[in-house]
Amino acid sequence: MSLRSYAGADRLRSIVGGDRSSLVLLLPLVVAFTVLFVVPVGQLFSRAFVLDGTITLANFREILSTELYINIILRTIRISALTTVITMVSGYLLAYYIVFRSSNKRLLLLLVFVTMMVDLVIRIFGWVVAFSRGSILEIITSPFVDNFSILFSETAIVIGLVQFTLPFMIFVTVGVLSNIDNTLVEAARDLGATRFQAFLRLTLPLSLNAVIVGGSLVFALSMSSFVSPQLLGGGRNRMIANTIFSLIGNSGEWGIAAALGFTLLVTTAGILAVFVAVVTTLLGSDRP
Amino acid sequence: MSSININSVTKEFGDLTAVNDVSYTINDDEFFVIVGPSGCGKSTSLRLIAGFETPTRGSISLKGEPIDHLKPEDRDIRMVFQDYALFPHMSVGDNITFGLKMNNVDPDTHESRVADVLDLVGLSDIEESYPETLSGGQQQRIALARALVLEPNVLLLDEPLSNLDKNLRDRMQVELKRIQDETGVTAIHVTHNQEEALSLADRVCVMNDGVIEQIGPPEEVYYRPQNRFVAEFLGDSNTFSATVLGSDAGATVLGVADSSTRITSDATPSGGDTQTVFFRPEHVRVAERVSEEDPNTFDATVASRLFTGDKIKYQVDLAEGAEDNGLTFTAFSDSQWKTGQSVRVQVPQEHVLLL
């Protein structure tokens, strides 16, 4: 972990723990966060555990015993994991290119930012058009592929999610990579490391934060995604968020919906904990 | 035997010429110091030798073999960076072992080699520490150890002492000299600090504006500078534009300050009547009375006094009769003179050089 990040942690500690008067600065946010987020979410989750006035796990039992819900949870994890892997690798590579190889870093960052300026729903509708029958993509691919149409498939959802999450990964990684002192890489080369060895032994472990933060962000965004599966997945490929939406919107089943929401949170947090532990051991092995 | 050969090397960055057609040779076991103001091309020279930059024109060879096609990792040349560039996520031991691993050195020898090199740089029991917990001086020694553990042919030092305070810097200068002596490594050291250059170097190379002004042993470049830049860059100096007026009893007579003041020199002028007169402040004698027969004796007034501990540095304004003629000499003296006091100054003509 870099010196810089330690300095940052120290500063954070001194703001939160050290100086009492600084806490006043945090007060408005803490109040707003409590009133507008913690309380409603607490209320919602309490519905998951309360049925007819008694505390029960009946909602969770129903989720775990219904194949439909199990499949939806597994599909959500599968799609999110695939999205995370694709986004992490391609986002890291692009960020690496932007920071270390490109001659016009600012222009490229602006281009990445431009993709975020159009509303997600509109971007996803763009994919709907592109994936539909008779689309230009189908015409182009027709000599090679018989039936191109991938609309209403998991592949389409993943493509939509990758496009949605990629800028987040890129921005996080560019920030971390820009802070790596290039003379460290030069020092490694000078001591006999090839470009690739220098990357593996220095750049990658020093950008561990980007992999962890970026990867977690992408995974969390994917797990809770709604628009992309709603428009690109169709009825057969629902993810957890869409299911919650229809449970409440169509049948008013708040209890199951809340339990499903709680499951989403716990599953995401659990998988992320494992992810962080694995990445830290794999890439940060030089530091105990 | 020559270690490194720089043959007509030019390095351009866009419109900027950082190094302009320079050629020189660095000998085996030599402590070679490149000194110059910032932007003179000294750091670029080092990066060219290390392989981080490639020459726009010209060629560099090591032990007679051209190395221009070799990547930095394939050159038997190691560098100590200005900010040390220690790997923050690795312990001191891992930092030093890094090069051994990258060069596939037998793992069984790692431990003893790390211990030996730490002993060489004067540290022990530090392998488990992380760089951020060490002092600047310790980090400096680790950076040195990390390069030396590979027993390189050539050691490059890029302003390694510039981040240390003066006392530590002086101690590290002595240490650097000792380590270079013990290992016999060819050292190329870059600095903007002229004192450091003079005290460390077997030979000093003064660079300015991408070209070499002079190369030679420290005493030679200090006392016999080849041009005004070298004279003024290294230490304090008295330099004046002068016109040759003729010769008298084997000495050259020169006029300075519109020929109102005459200075004689043992040196013979080469090329043209316009010369630069040069002498060091330590050669200027300040006295109440100087024998009238001595040439180059002037009336003067003490204009300023600067006590630097080991000496006192005076600025004296020269006067021709009652007129101040605008000339000011810098002089070192052990005696106490008050500001405003009238003195006589004398410059022995054998110490007056013409550049």
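This is a predicted model: local features need pLDDT of at least 70, side-chain atom pairs count only at pLDDT 80 or more; totals for chains, interfaces and linings use all residues.
A salt bridge is a side-chain nitrogen of Lys or Arg within 4 Å of a carboxyl oxygen of Asp or Glu. Residues are numbered from 1 along each chain as its sequence is written, and side-chain values use heavy atoms, with hydrogens and water left out.

Over all chains, the count comes to 17 salt bridges. Start in chain B, where B:Asp299 and B:Arg344 meet with N and O 2.6 Å apart. B:Asp299 lies in strand 16 (residues 297-307) and B:Arg344 in strand 19 (residues 342-346), so this pair ties together parts 45 residues apart in sequence. Strands (E, at least two residues) and helices (H or I, at least four) are DSSP runs, numbered from the N terminus. B:Arg344 is buried at 14% relative accessibility, while B:Asp299, at 35%, is partly exposed. Here buried means under 20% relative accessible area, exposed over 50%, and partly exposed in between (1.4 Å probe, protein chains only).

Next, look at B:Glu175 and B:Arg141, whose salt bridge spans 2.9 Å from N to O. B:Glu175 sits in helix 5 (residues 166-183) of chain B and B:Arg141 in helix 4 (residues 136-148), 34 residues apart. B:Glu175 is buried at 17%, and B:Arg141 is buried at 15%. These two also belong to a network of salt bridges with B:Arg178 and B:Glu182.

Finally, turn to chain A, where A:Glu154 and A:Arg75 form a salt bridge with their closest N and O atoms 3.6 Å apart.

Conventions
Chains are lettered from A and ligands numbered from 1 in the order in which they are written.
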